[in-house]
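Subject: Structure handover

Hello,

Here is the structure I promised to pass on. Please open it alongside this email and follow along.

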Amino acid sequence: CTNLYIISSNGSVENITESFDPDVSNYVWTDNETILFTGSDRRMRPLFSINVNNRSVERLISGNFVLGSVSYSMKPGIAAFLKSDPTHPNDGYCSDLSGKSPKQITDMNPQLREVKLNKAEPVEWKGAANWTIEGILIKPAHYTEGNNYPLITMIHGGPTGVYGFSFNSTWQYYSGQGYT
């Protein structure tokens, strides 16, 4: 598990995200008390903030997507980040810290509007020792309920380093070729 640490001027080291379960990445200070960061939340990667004084963590922006490469401008109080989901590769977005309406600011792959990309859905099942196993299912391009389709599995260990709910051209290619 990846954590955030603060090293004080006297050399003491303190883990400020010790009680926060998800891996921490893409962090940036917003002021003397607050750090923005992305943290894994199963297959998703939302944007969080942490108050370094009282260690309170707040989820700011989340959904069925993965965020990354966070930056922040104190004036006017705007965060910029990359956002991806299974049918959209990374694009730049910005938002105030309420996170209520992130605004897309780039369109890096306009040619994909011409391509049939298949939606993905998170799936779960019980594994050994009754563990919950998570996956991402992309059905074939011409999927019809009740029909059988060949299945390709791409297995990745976890919980650290899981496949994210983001764009993966390989998955889209196989889906377009009729595989689940």
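In which loop does Pro 76 lie? Pro 76 lies in the loop between strand E7 (66-73) and E8. Keep in mind that this is a predicted model.

The peptide bond between Lys 75 and Pro 76 is cis, with omega about 20°. For background, most peptide bonds are trans, and most residues other than glycine have a negative phi.

Take Asn 26 to begin with. Its phi is positive, near 50°, and Asn 26 is not a glycine. Asn 26 sits in strand E3. With a relative accessible area of 28%, Asn 26 is partly exposed.

Now go to Ser 69. Ser 69 also has a positive phi, about 45°, without being a glycine. You will find Ser 69 in strand E7. Ser 69 counts as partly exposed, because its relative accessibility is 47%.

**The open sheet**

Next, find the sheet. Four strands make up an open sheet, and their order is E3-E4-E5-E6. The pairing is antiparallel. Which strands are at the edges? The edge strands are E3 (24-29) and E6 (57-61), and each of them pairs on one side only. From one strand to the next, the twist averages 30°.

Zoom in on one pair of strands. Strand E5 (residues 47-51) and E6 run antiparallel and are joined by four bridges. Phe 48 has Arg 59, in E6, as its bridge partner.

**Two hairpins in a row**

Strand E8 (residues 78-85) pairs with strand E9 (residues 88-96) in the antiparallel sense, over seven bridges. E8 and E9 form a hairpin, and two residues lie between them. The bridge partner of Phe 81 is Tyr 93 in E9.

E9 also takes part in another hairpin, this time with E10. Six residues lie between E9 and E10. In that turn, Gly 99 has a positive phi of about 70°. Two bridges join E9 to strand E10 (residues 103-104), and the two strands run antiparallel. Cys 94 stands opposite Lys 103 in E10.

**A lysine over two rings**

Which rings have Lys 83 over their face? One is Phe 65, where Lys 83 lies 4.6 Å from the ring centre. Another is Tyr 93, with Lys 83 at 4.8 Å from the ring centre.

**Aromatic pairs**

How many aromatic pairs does the structure hold? There are six. Take Tyr 143 and Tyr 149 as an example. Their ring centres are 5.4 Å apart and their planes meet at 35°, so the pair is tilted. Tyr 143 counts as partly exposed, at 30% relative accessibility. Tyr 149 is partly exposed as well, with a relative accessible area of 25%. Elsewhere, look for a cluster: ring pairs link Tyr 173, Tyr 174 and Tyr 179.

Now go back towards the start of the chain. Asn 15 is in strand E2 (residues 13-15). Is Asn 15 buried or exposed? The cut-off for buried is under 20% relative accessible area. Asn 15 has 17% relative accessibility, so Asn 15 counts as buried.

What does the side chain of Asn 15 reach? The side chain reaches the backbone nitrogen of Glu 18 at 3.0 Å. A polar atom of this side chain also lies 2.9 Å from the backbone nitrogen of Thr 17. Leaving out residues up to four places away in sequence, Asn 15 touches Asn 3, Leu 4 and Tyr 5.

**One exposed serine**

Finish with Ser 19. Ser 19 lies in the loop between E2 and E3. Its relative accessible area is 76%, so Ser 19 is exposed. Ser 19 and Leu 97 are 78 residues apart along the chain, and their C-alpha atoms are separated by 23 Å.

Best wishes

Key. Residues are numbered from 1 along each chain as its sequence is written. This is a predicted model: local features need pLDDT of at least 70, side-chain atom pairs count only at pLDDT 80 or more; totals for chains, interfaces and linings use all residues. Side-chain values use heavy atoms; hydrogens and water are left out. Two strands pair if DSSP finds at least two bridges between them. Axes are lines fitted to C-alpha atoms, for helices over the stretch in contact, and angles run from 0 to 180 degrees between N-to-C directions. Buried means under 20% relative accessible area, exposed over 50%, partly exposed in between (1.4 Å probe, protein chains only). A polar contact is a pair of N or O atoms within 3.5 Å; within protein, one must be able to donate a hydrogen and the other to accept it, and residues adjacent in sequence count only if both atoms are side-chain atoms. Contact means heavy atoms within 4.5 Å. Rings of Phe, Tyr and Trp (its six-membered ring) pair if their centres lie within 6.5 Å; planes under 30 degrees apart count as stacked, over 60 as edge-to-face and the rest as tilted. A charge sits over a ring if NZ of Lys or CZ of Arg is within 6 Å of the ring centre and within 35 degrees of the ring normal.
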